[in-house]
Amino acid sequence: INPDHKTALAAIKNVAKNYFNTGNQSYKRGDLEGALASYEKVLEVDDTFYQAFYQIGVIQSKMGDKDAAVLSYEKALVVNPRFYKGYFALGLAKNGLNEMDGALAAFESAVEIYPGYDKAYGAMGDIYIARKNNDKAKQVLNMSITVNPNYAKGYASLGVIHSNEKNWEQAASNLVMATTLNERDAMSFFRLAGTY
């Protein structure tokens, strides 16, 4: 009757938030089916609650259904086109489906919205390394450690590139940084030993 009824709209938002919180609690307990049911209820109440679409995508991805996850992330991004974490998750799901161009486009959208998103640069770096495009990989990985000087994975990936190019000093320098920032990165210690 009155689409602008403030009190009713606030009440609807609260109901949706309660279902969303219930979904989050189920997710934390490992009850993925229960979490999915709660997130579906959120969307029945408020179909603009983009975080519910996102969480459904996270669960679908965890359950191995990357195609469904891609659709859920895309629905979240229709509602909120500035949701950079949604683009990152979309990129990971597309990467899992071997849709590298789509994954790169999604990661690029994430860093356009949030230029300090180190993980998105790191994920782009992985794709460029896989494509043997070392120059582009170095460019995005250097960006990842520029926006976050404590991003261990950026240094580790740079170490991989320099090792592949037999540029041992730079490989060692990057791998030392990677292992200093992440003392549990066994692979970087292994690569560092190989470099030495």
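Predicted model: local features only at pLDDT ≥ 70, side-chain atom pairs only at ≥ 80, totals over all residues.

K138 belongs to helix α8 (residues 134-147) and E165 to the loop between α9 and α10, so the pair ties together parts that are 27 residues apart in sequence. E165 is partly exposed, with a relative accessible area of 34%.

The structure holds six salt bridges. One of them joins K153 to D126, with the closest N and O atoms 2.7 Å apart; this pair links distant parts of the chain, K153 being in helix α9 (residues 152-164) and D126 in helix α7 (residues 118-130). K153 is partly exposed at 36% relative accessible area, and D126 also counts as partly exposed, at 33%.

K13 forms a salt bridge with D46, the closest N and O atoms being 2.9 Å apart, and it connects helix α1 with the loop between α2 (32-45) and α3 (50-62) across 33 residues. Here K13 is partly exposed at 39%, whereas D46 is buried at 7%. E74, K94 and E99 are linked in a network of salt bridges.

## Nonpolar core and surface patch

The largest nonpolar core has 49 residues, and those touching the most other members are Y39, A52, Y54, Y73, F107 and M124. Beyond its neighbours within four places in sequence, Y39 is in contact with residues including F20, Y27, A52 and I59.

V15, which lies in helix α1, is partly exposed, with a relative accessible area of 38%.

Key:
Residues numbered from 1 in each chain as written. Heavy atoms only, no water. Helix = DSSP H or I, 4+ residues; strand = E, 2+ residues; numbered from the N terminus. Buried < 20%, exposed > 50% of the residue type's maximum accessible area, 1.4 Å probe, protein only. Core = buried A, V, L, I, M, F, W, Y, C linked by side-chain atoms within 4.5 Å. Contact = heavy atoms within 4.5 Å. Salt bridge = Lys/Arg side-chain N within 4 Å of Asp/Glu carboxyl O.
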